[in-house]
Amino acid sequence: MVDVILDIDSVGDDILAVIFGALNPKINLLGVTTVNGACGSIEQAVNVALNTVELTGKNIPVYAGADKMLSPRKSDDEGDPVNFDEELRWKFGDRLDKFNEKAPTPVRKPEPISAKEFLIKSFNERPGEITLVTTGPLTNIAQALLDDPSIASKVKRAYILGGAFNIYGNITPVTEYNIWADPEAAKIVLNSDMKITLVPLDVCENNRFADGMLTRDHLADLTYGGKGKVIDFITDKFPIYIDLWREFFQLGGFPMDDVITLALAAYPELCEYTEEVFVDVELEGKISRGQTVAYFGRQIIKNKMREHKNTVIAKSIKGKEFMDLFVNTIIGKEV
Amino acid sequence: MSKKIPIIIDCDPGHDDAMAILWALASDKLELKAVTTVAGNQTIEKVTTNAIKVLTKARRYDIPVAKGADKPLIRKLTVGGEVVHGSSGLEGPILPECGFEPSNLSALELLIKTIEESDEKITLVPIGPLTNIATLLIVRPDLKEKIERLSIMGGGAYMGNWTPAAEYNIWADPEAAKVVFNSGLPIIMSGLDVTHKAYVTREENEILRAQGNEISVFAAELIDFFSKYHYEVEGFPGCTLHDPTAIAALIHPEIFTGVQCNVDVEVTGELTTGMTVVDTIGYKEKIFGEKVDKNTYVLFNVDRKKYVEYFFEAMKALN
């Protein structure tokens, strides 16, 4: 059993990650902390998290986190991703409403302390025992580190969904959304003493590993494999996600970035990793702000500052094994 | 036979620059009109001497060589090749004395003159920092209509060799590269994505040497020296022929695959300056609704066996 705090921004695969974490027998979710990111507001992030926990029937506390990035971008820097909705709307029509739809008012309530306070308290109370998994922008984690830098070495290991190295990004050609959304926060976390496993788009949103993506076949497996609210929910909500990612990003299915990242906390053998390296984040670049840069030392310019080696990067994944694990966890088959 | 493509090579020899020049000379599809030099792998004096010596080695005293920019547009010169190319910029094989003098014209003047005097559009093959080419496009934008396209060695979509994000030729003069990529001219980009796949193994290099003619032996000796860095520091399976790829892309386009897309150059990054931002998916348009020019055909893959075979044939053809 791995004790995990999961930090999410509550869209799509974040929801599946909460469900997976709640139902998987090797994962003990101590709490779900929320951050504004892809979902659009912290209220939405919290409400989706609460509703998802309610759906699983488990009693997992939810904490509200940051509503604003450490350094909010100016909209004239790179433009706004407004075109996204317009272009998709004419293709998918009202079906698009199931993508990030406004969460109904939850039955459950968030905890009285903030995500940041919960993170600081938890890692101080049980140093070296709790695994951190992040699937959204790193704002909460950076804020916790700014308030109490000592927690960096008290995190057992952080599994972070973020970055892109040998493949194109998913928000700009060279950046992955979570890092792009709050690059200052990502820089603070990656430059800290935390032991990090970085899970980049290279293993999640890469057709080389299409066998690790969610398809309608998997939805059929869920329908035939079991019954219940969770399965009804997934099979109702996720066809549009599969279609969107196939159409827009030309992927073989819906990429399971956040679920993969959480699964690695309990099943690290699903991936192969690089050696420990230093990974930094570009902040100043006009067209590459938010890019992750890994220092393997294979380039001509050497930099002593880059010898802070705290991060391993996932470089391949056993996709089918992962999807089997996901489906079996959801239908309650032994995993 | 179809007409030859008239080209000008703008370079900073450099082992791979030398092999690019030799391949161009050997090809019956290309007509090398001039060679211009730019500071990069070594200082402008050294690379100009090297260009002349390579042409001397091939007994092509007829091809004019003109000395170009001694430093990047704005930044100071960081010589790239000390580690890779040695102190002369072309260490390894014994080179002949210079068989002729450099042109009285500057690289810029020779570029302008050659383009103006040509009846046909000229293809530019820049395989060093893009200082001379950017200068040309800034001072004589009218000549763009007499430029067919550019076949550039530089950049990389997902990798660098000078920094983790940037390839040397672009990194050395990123402002110049930005001017060139945004010039509106059609570009073929041979970046590290493809050049790292265009390598010659140790065993293959012995086949090249065993071809026996003077130029094959010379090329094999260039590879002997140039490959040391590739094996020892970069851990590659062979010697990567970066610059010759920009020539091969013109002679044997059928052995390459790539993507037509927008490429821009980062000039303000703290960690990423000099990287080519390659928008293969078309994000700028898809997500931000920004119309962009698909200015570049970015090469990603090559049939390596054919590449090596064609290169060896070319070296054998030179006598």
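## Helix α7 of chain B

Two residues are in contact if their C-beta atoms, placed from the backbone, lie within 7 Å. The model described here is predicted.

How many of the 8 residues of helix α7 of chain B are buried? The count is 7, so this helix, residues 174-181, is largely enclosed by the rest of the structure. The buried residues are Pro174(B), Ala176(B), Ala177(B), Lys178(B), Val179(B), Val180(B) and Phe181(B).

## Helices α10 and α13 of chain A

Helix α10 (residues 216-225) and helix α13 (residues 319-331) of chain A have axes that come within 9 Å and cross at roughly 30°. Angles under 35 degrees count as roughly parallel, and α10(A) and α13(A) are therefore roughly parallel to each other. Their crossing is right-handed.

On the α10(A) side, the contact is made by His218(A), Asp221(A), Leu222(A) and Gly225(A); α13(A) contributes Met323(A), Val327(A), Ile330(A) and Ile331(A). By class, this contact has 5 nonpolar, 2 polar and 1 charged residues.

## Contact between chains A and B

Between the two chains, 31 residues of chain A are in contact with 30 residues of chain B. On the side of chain A that touches chain B, α4 (83-92) and β11 (292-295) of chain A each supply at least two residues. The residues of that side comprise 16 nonpolar, 8 polar and 7 charged.

Conventions:
Residues numbered from 1 in each chain as written. Chains lettered and ligands numbered in written order. Predicted model: local features only at pLDDT ≥ 70, side-chain atom pairs only at ≥ 80, totals over all residues. Helix = DSSP H or I, 4+ residues; strand = E, 2+ residues; numbered from the N terminus. Nonpolar A, V, L, I, M, F, W, Y, C, P; charged D, E, K, R; others polar. Buried ≥ 20, exposed ≤ 12 C-beta atoms within 10 Å, placed from the backbone. Axes fitted to C-alpha atoms, helices over the stretch in contact; angles between N-to-C directions. Parallel < 35°, antiparallel > 145°, perpendicular 65-115°, else oblique. Left-handed = near helix turned anticlockwise from the far one by under 90°.
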